[in-house]
Amino acid sequence: MPIDPVLRVRDLDVAFATRDGAVRAADGVSFDLTRGKTLGLVGESGCGKSVTALSLLGLVPPPGRVRGGEILLDGRNLLTLPDKALDAERGRRISMIFQEPMTALNPVFTVGEQIAEVLRVHLDATKADAWDAAVAMMRRVGIANAPARAKSYPHQLSGGMRQRVMIAMALICKPDVLIADEPTTALDVTVQAQILDLMLEMQQELGTAILFISHDLGVVSEIADEVMVMYAGRVVERAPADSLFEAPLHPYTIGLIRTLPRMERRAGPLPAIPGAVPDLRTLPPGCRYAERCPQAMESCHQTDPELKGAGYGRSVACIRVAP
Amino acid sequence: MKPLLEARDVVKTFPIAGNRLFGRDGRRTHAVDGVSFRLEAGETLALVGESGCGKTTLARTAALLLAPDAGLLSFEGETVSGLGRRDLKPLRRRIQLIYQDPFGSLNPRLTAGAIIAEPLVIHGLGTAEERRKRVADLAEAVGLTAGDMERYPHQFSGGQRQRIAIARALAPEPCLIIADEPVSALDVSIQSQILNLLGKLKRERGLTYLFISHDLSVVRHIADRVAVMYLGRIVETGPVDDIFENPRHPYTRALLSAAPVIGRGKRRAHETLQGDVPDDAAGIEGCPFHPRCWITRAECFLTRPNLAPIVGDERHLSACHLRDEGRI
C-alpha cells in the first residue's frame with residue numbers, strides 16, 4: 001500500500017540576489033514527508049539545508065526568493081497561497097523549532113504566554129483556556145512544576161528547558177509537519193539526548209512528520225528513518241537511514257562518514273576530504289563535488305549528475321554510481 | 001620526571017550577581033573547586049564535561065591568564081601561582097592558546113602575516129627579517145600560502161582562520177598548547193583536516209596539548225588521557241581507552257551513553273540522564289552528582305567522594321564511592 005505523504009516538495013529553487021547575479025542556494029530539491037516518520041537532512045554550512053527548511057514556511061529572508069517548485073501540503077501549493085492563508089497554516093499545520101531557543105523566544109513575555117498565544121491565534125481559544133492548555137503542554141514535554149515555570153521569562157530557564165518550551169509551542173496545535181533546524185546543536189550532550197527522546201515520544205503520540213536538519217551525522221543516525229544529504233545546494237543522496245550509514249553510495253557521503261572521528265575506536269590520521277565547498281557564485285560546469293572527489297573521472301567535470309534511483313528506495317546523484 | 005604542568009587543589013571562584021539591582025551580595029560561584037592534575041611533557045590531556053563544568057576556567061587558569069584563588073600551579077617544576085605580571089610574561093610565551101571561534105579570536109584589521117607575527121613582536125623575538133622568515137615557515141607548516149599572509153581574516157574560511165590561529169600559537173615556540181574547543185565551530189570535513197594538522201604538529205614539534213572539548217569522538221581520537229569534569233571538579237581521569245571502555249564514574253557512563261553514534265540505528269530508550277546540571281555544588285551535601293545519579297547509596301548523600309585510584313589501576317581515578325563496583 002503506498003503511503004500518502006503529508007508534505008511533498010518538488011523542484012524547490014531558492015536563489016539569493018547578489019551583485020554577481022543570482023546564487024542558487026537550493027537547486028531542484030524534492031522530497032516527501034510522511035506521517036510519523038522523520039526525514040534527516042544533513043550537510044555542511046552553506047549546502048542549502050536551512051534555506052530549504054525556511055522556504056517551507058515562507059520565511060526565506062530577502063534578498064533570497066523561492067523562484068520555483070512546489071510545496072504541497074495535502075495537495076495545496078503553499079507557494080501560491082496568499083499571505084493570510086499561509087499564516088493560518090504556519091504554526092498550526094506546519095511549525096518549526098530552531099537551534100537557539102533564546103533568540104526564537106520573546107524575552108519580554110513569559111513562556112506560558114508565548115505558548116498560549118499560539119492557541120489564541122490559531123484556534124481562537126479564550127485566554128484562560130489557552131493558559132491551561134499551555135501549562136498542560138509544558139507538563140507534557142517534561143517541564144517539572146509547569147504552573148510555576150509557565151510564569152518564567154525565557155532568560156530564567158536553562159537551554160534545555162527553553163528548547164522544551166519551543167517544542168511545546170511548536171506542537172500545541174498538533175501540527176502535521178514539524179521542521180527542526182539543528183534543534184539540539186546548542187545543547188549539552190546529556191540534554192541533547194533528553195530532547196531527542198522527547199521528540200521521538202511526541203512524534204509517536206501525535207504522528208507528526210518531522211524534517212530534522214543537522215550537521216551532526218550521529219544525531220541524524222539516531223532519529224531519522226530516511227536521510228537526505230545536500231552538497232552545494234543539491235541533494236546528492238537519499239536513502240533509508242540504516243542503508244545510508246551502513247553503505248553510503250555518493251563519494252561525498254562516503255567521505256563525510258569516513259572523515260568523522262569515532263567514539264568506539266581510535267584510528268590514525270582521519271581520512272580528510274581535501275579542499276573546501278565550492279563558491280555557489282562560481283560553480284563548476286560538471287558535478288559540484290568533482291573537485292574534491294577521489295573517484296572523479298574526466299566526464300564528472302563536464303556532466304552535471306542528476307539524482308537517480310539506485311534501488312531499495314535509494315537515490316544518488318553520481319554518474320559513477322548511477323549512470 | 002617532573003611534569004610539565006601540575007595543578008594541586010586549584011580553586012577559582014567568581015562573584016555572582018545577587019538579588020540586589022546593582023552590585024553583588026558577596027556570594028561566589030566555584031567554577032573550579034579543588035582540582036589537581038599533572039600534565040606530562042608530550043602527552044595530550046583532554047578535559048571533557050558539559051557547559052558550566054569549569055573546563056574553560058581551568059584551561060584559562062592553566063594558561064596563567066587567571067590567577068587561582070587557592071591551590072598550587074607549577075610549570076616545569078617551578079611554582080607559578082602567585083607570580084606577578086612581569087614574571088609571568090616569559091612563561092606565557094611557553095604556553096599558547098587556541099580558541100573555539102576563529103571569527104572572534106583574530107584581529108580583523110591585521111593581515112594574517114601580522115597576526116602570526118604579533119606574539120613575536122610582543123615577546124621581542126627576532127629581527128624584522130627573521131620574523132618574516134618565521135611567519136613564512138609557519139604558514140607553510142599549517143598549510144597556508146605566502147600569498148595568504150597578505151590577506152585579512154574576513155577573506156578566509158573558518159578552517160583557514162583556525163590555521164592562522166594555530167600558526168600564531170606556534171610562533172613563539174611554546175611547549176604547551178591549550179586548545180579550547182578548537183574544532184567545534186568547524187564543518188565536519190574541515191574538522192578532520194584541523195585534527196590531522198594538530199596531530200602532525202604535535203609529532204613534529206614535540207608539543208604537549210591540553211585539549212578542551214565537549215565532543216567525545218574528538219576526544220577519543222586525539223587524547224592520551226582524559227579528565228572528566230562535573231561542577232568544577234574532576235570526577236574521573238585516566239588513559240583514554242580505559243575511560244571509554246571501562247568508565248568508573250556514573251557521570252562518565254551517562255556522557256558516553258548520551259553521545260550519538262552513527263549507524264547504531266534509531267534511538268531506543270537509553271540510560272538518559274535526567275535533569276539539568278545544578279548551578280553550583282555549594283548547596284549539595286555529599287557527592288555533587290547524587291541528585292542525578294541512579295546508583296546512590298547512603299554514603300553518597302553524606303560524604304563527598306575523593307578522586308582516588310580504582311582497584312588494580314593507579315592511573316585510573318574516580319570520585320565515586322562505588323568506583324570498584326560493577327553497577328556503574
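Start by colouring chain A by burial: of its 323 residues, 49% count as buried (20 or more other C-beta atoms, placed from the backbone, within 10 Å of a residue's own). You are looking at a predicted model, where local features need pLDDT of at least 70, side-chain atom pairs count only at pLDDT 80 or more, and totals for chains, interfaces and linings use all residues. Residues are numbered from 1 along each chain as its sequence is written, with chains lettered from A in the order in which they are written.

Now switch to cartoon. Chain A has 11 helices and 12 strands (DSSP runs of H or I, at least four residues, and of E, at least two, numbered from the N terminus). Along its principal axes, the C-alpha trace of chain A spans about 70 × 50 × 50 Å.

Next, select residues 111–123 of chain A, which form helix 4. Its 13 residues reach 19 Å from first C-alpha to last, close to the expected 18 Å (1.5 Å times one less than the number of residues). Show the buried ones, among them Ile115(A), Val118(A) and Leu119(A). What do the buried residues of helix 4 pack against? Select helix 5 (127–140) and helix 7 (159–171) of chain A to see their partners; contact here takes C-beta atoms, placed from the backbone, within 7 Å.

Finally, bring in chain B. The contact takes 40 residues from chain A and 35 residues from chain B. On the chain A side, helix 8 (189–206) is one of the helices supplying at least two residues, and its nine are the largest share.

Key
Contact = placed C-beta atoms within 7 Å. Buried ≥ 20, exposed ≤ 12 C-beta atoms within 10 Å, placed from the backbone.
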